[in-house]
Amino acid sequence: MAMKEVVLLDSWACPFSMRVRIALAQKGVDYESKEEDLLLPKSELLLKLNPVHKKIPVLIHNDRPVCESLVILQYVDEVWNHTNPLLPFDPYQRAQARFWADFIEKKTFETTQRVWATKGEEQEVGKKEFIDHFKFLEQQLGDKPYFGGDSFGYVDVVLIPFYSWFYAFETLGDFKIEESCPKIIAWAKRCMQKENVASSLPDQEKVYEFVLAYRKKLGVD
Amino acid sequence: MKEVRLLGAWSSVYCHRVIWALKIKGVDYDYSEEDLQNKSNDLSRYNPVYQRIPVLIHNGKSLVESIIILEYIEEVWPHNPLLPADPYERAEARFWIKYLEDKSPTFYSYFRATGEEQEKLATEAKDVLKTLEEKGLREKTFFDGKQIGLTDLCLGWIACWLELMQEAAGVKLLEPDNLSRLHAWSRRFKDVPEIKDNIPDEDKMLAYFKGLRERFTASPAS
């Protein structure tokens, strides 16, 4: 089967995949998307291309797989370096961007999981941790339009996909994120005004339906 | 005061990655030893989020988290490169560095555990080493090819400290006959002059691990 030069093993609801979609859109890269259904067993192709982690996203460029979303983002930035840089030019600014991307990577998914994949008392604790986490990120944003400063950049790409899950978090957790983190919501809406971001993120209500199905699969409901 | 300062701890694996990189690049620096039981105000000031070493201070600005520091060093002092030039090979290096970071808890837990739990964790840890050998190192001289690179520096604790850790822990993970390529890489890694000249004394390190092990296993299970 002939594949395009760039193929993305993707899953429409996966925040880590969304990061790569945004990056490829920023760079104007033409690619083929192969959808992996997170509710079904993993495909042969995924197991072959990412034998170590067996997870999406996987970027396949000239038949070679690149795995792990942050590794993929840096790869995309280096290969298609003629336009829209994701990381800043200055080494110190790059280190700051990597630091916050790493911080988001270490903490955000697990923090959100304690809201969408739990219930009862555990979920109440999860909600508090969620708000604390996003309030901390809000402090880092400060009065800047983007985490990267004046321009949308690496840290924004890493964090914005979680916004597509906010309706699911709010509905399942019965809380409003904007009440505690208005600047994060303002930042997210600003990002969503960008065509490359809006076209890469799924509809929030569709994500909510997916999360309900995923909760059933995990045995939460 | 020199342009570059490193806040570190003699026993820290993470700190040594940075020392090795600075030595390979020939970067002159001032070193300050942090007492990890009694952290300085400097550490809180320069690393408010995590308050841990290593911290690199360059022209008054602080860099934290060892992997981020290594990438910074590579960009600011690009001679004697520690990352390949090819983006795909760079992606491979970053993949294995992240893999190790994700799997570090397995090794910490193995070191703290006893009995059956330790045996189970030792099996998991050995699987990680096997994956590193078969899929990461493969037939190469070093993880990053013909010369040592950032991946090797991040995995350097396997070469320098794992034998001492496993002696203190009482359950072996790495032996010459069970992971022969990884074992051979360890020997080559330790022979690189900048590494050889910058490893803490083995007896001191073994005593340190034995002390840690005693502390962990003396605590009540709950």
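With which side chain does the side chain of B:Arg5 make a polar contact at 2.8 Å? In this predicted model, the partner is the side chain of B:Asp42, and the residue that reaches it, B:Arg5, lies in strand S1 (residues 4–8) of chain B. B:Arg5 counts as buried because its relative accessibility is 17%, which is under the 20% cut-off. The polar contacts of its side chain are set out below.

| Side chain | Partner side chain | Polar contact distance |
|---|---|---|
| B:Arg5 | B:Ser32 | 3.3 Å |
| B:Arg5 | B:Asp42 | 2.8 Å |

Turning to the interface, 26 residues of chain A are in contact with 27 residues of chain B, and the area buried between the two chains is about 2,400 Å², with carbon and sulfur atoms giving 67% of it. Eight salt bridges are counted between chain A and chain B; the side chains of A:Lys106 and B:Glu101 meet in a salt bridge at 3.5 Å, N to O. Seven residue pairs, both members at pLDDT 80 or more, are in polar contact across this interface.

On the side of chain A that touches chain B, the elements giving two or more residues are strand S4 (64–67), helix H3 (69–79) and helix H4 (91–116), and H4(A) gives the most, with twelve residues. By residue type, that side of chain A divides into 15 nonpolar, three polar and eight charged residues.

Methods. Residues are numbered from 1 along each chain as its sequence is written. Chains are lettered from A and ligands numbered from 1 in the order in which they are written. This is a predicted model: local features need pLDDT of at least 70, side-chain atom pairs count only at pLDDT 80 or more; totals for chains, interfaces and linings use all residues. Side-chain values use heavy atoms; hydrogens and water are left out. Contact means heavy atoms within 4.5 Å. Buried area is the accessible area (1.4 Å probe) that two parts lose on being put together, summed over both. A salt bridge is a side-chain nitrogen of Lys or Arg within 4 Å of a carboxyl oxygen of Asp or Glu. A polar contact is a pair of N or O atoms within 3.5 Å; within protein, one must be able to donate a hydrogen and the other to accept it, and residues adjacent in sequence count only if both atoms are side-chain atoms. Helices (H or I, at least four residues) and strands (E, at least two) are DSSP runs, numbered from the N terminus. Ala, Val, Leu, Ile, Met, Phe, Trp, Tyr, Cys and Pro count as nonpolar, Asp, Glu, Lys and Arg as charged, and the others, Gly among them, as polar. Buried means under 20% relative accessible area, exposed over 50%, partly exposed in between (1.4 Å probe, protein chains only).
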